Amino acid sequence: MKDKGFKYSLVIITAAMILLSFAAESVYFSDFEYWFRTRQFNRILHEKEKIMEECLNGMKPILARGESHGSLSENNLFSVAEQNRITILEYIGNKLIYWSDNDFEVPAVLNDKTFSKPLVFMQNGWFIARTVQSGNETIAGLLRLRNDYGFENDIVKNGFLGEFGVE
């Protein structure tokens, strides 16, 4: 009697293991990982874009009030942008007067096509670009997505930034 119960339990366990192996194989060869990583990337990107929009929209009242550069509210916005790897550029009359990141070269003169596309390549990376205007001042926000250097080594690496989870 014990042998018969042992045989049945062995058959049931074997069948369950075969079913689990088929399920694991179908998940492994499916688009699940791609879907999961894409969803994670899009969620983080949306959060960072929202922060960039808040920073740029927060600059509008500062510009409208005519606060001097270096004011407390402006410095707070720039620190939030810096923590999220967002570069802020201030143009007055299409001339660059302030930039928050020295890691790459930015255009000193703003023309109509500089930030017209939502995704721009500048010197060493791909950025999402947004702009706001107030009078003759233009504020541009650049959210770095990907580094793209001409060479790569242990220190300088190409690829998406680590905070996006696509390494």
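**Reading helix H2**

Mentor: This is a predicted model. Take H2 and its buried residues: Phe 41, Ile 44, Leu 45, Lys 48, Glu 49, Met 52, Cys 55, Leu 56, Met 59, Ile 62 and Leu 63.

Trainee: How many residues does H2 have, and what distance does it reach?

Mentor: H2 covers residues 32-65, which is 34 residues. From first C-alpha to last it reaches 50 Å, close to the 50 Å expected. Gly 66 follows H2, with a positive phi near 75 degrees.

Trainee: Which residues have the most contacts inside the largest nonpolar core?

Mentor: Ile 88 and Ile 139, in a core of 18 residues. H2, H3, S1, S4 and S5 each give two or more residues to this core. The largest share, eight residues, comes from H2. Apart from this core lies another, of 13 residues, including Tyr 91 and Val 106.

Trainee: What is Ile 88 in contact with, beyond its neighbours within four places in sequence?

Mentor: Its partners include Cys 55, Phe 78, Trp 99 and Ile 139.

Trainee: Now outward. Which residues form the nonpolar patch on the surface?

Mentor: Val 27, Phe 32, Trp 35 and Phe 36, with about 420 Å² of accessible area together. H2 gives the most to this patch, three residues.

Trainee: Why does Phe 32 count as partly exposed?

Mentor: Phe 32 lies in H2. Its relative accessibility is 44%. Buried means under 20% and exposed over 50%, so Phe 32 falls in between.

Methods:
Residues numbered from 1 in each chain as written. Predicted model: local features only at pLDDT ≥ 70, side-chain atom pairs only at ≥ 80, totals over all residues. Heavy atoms only, no water. Helix = DSSP H or I, 4+ residues; strand = E, 2+ residues; numbered from the N terminus. Expected span 1.5 Å × (residues − 1). Buried < 20%, exposed > 50% of the residue type's maximum accessible area, 1.4 Å probe, protein only. Core = buried A, V, L, I, M, F, W, Y, C linked by side-chain atoms within 4.5 Å. Contact = heavy atoms within 4.5 Å. Patch = residues over 30% accessible without salt bridge, like charges linked within 9 Å, V, L, I, M, F, W, Y side chains within 5 Å. Areas by Shrake-Rupley, 256 points an atom, 1.4 Å probe, with all protein chains shown as cover. Salt bridge = Lys/Arg side-chain N within 4 Å of Asp/Glu carboxyl O.
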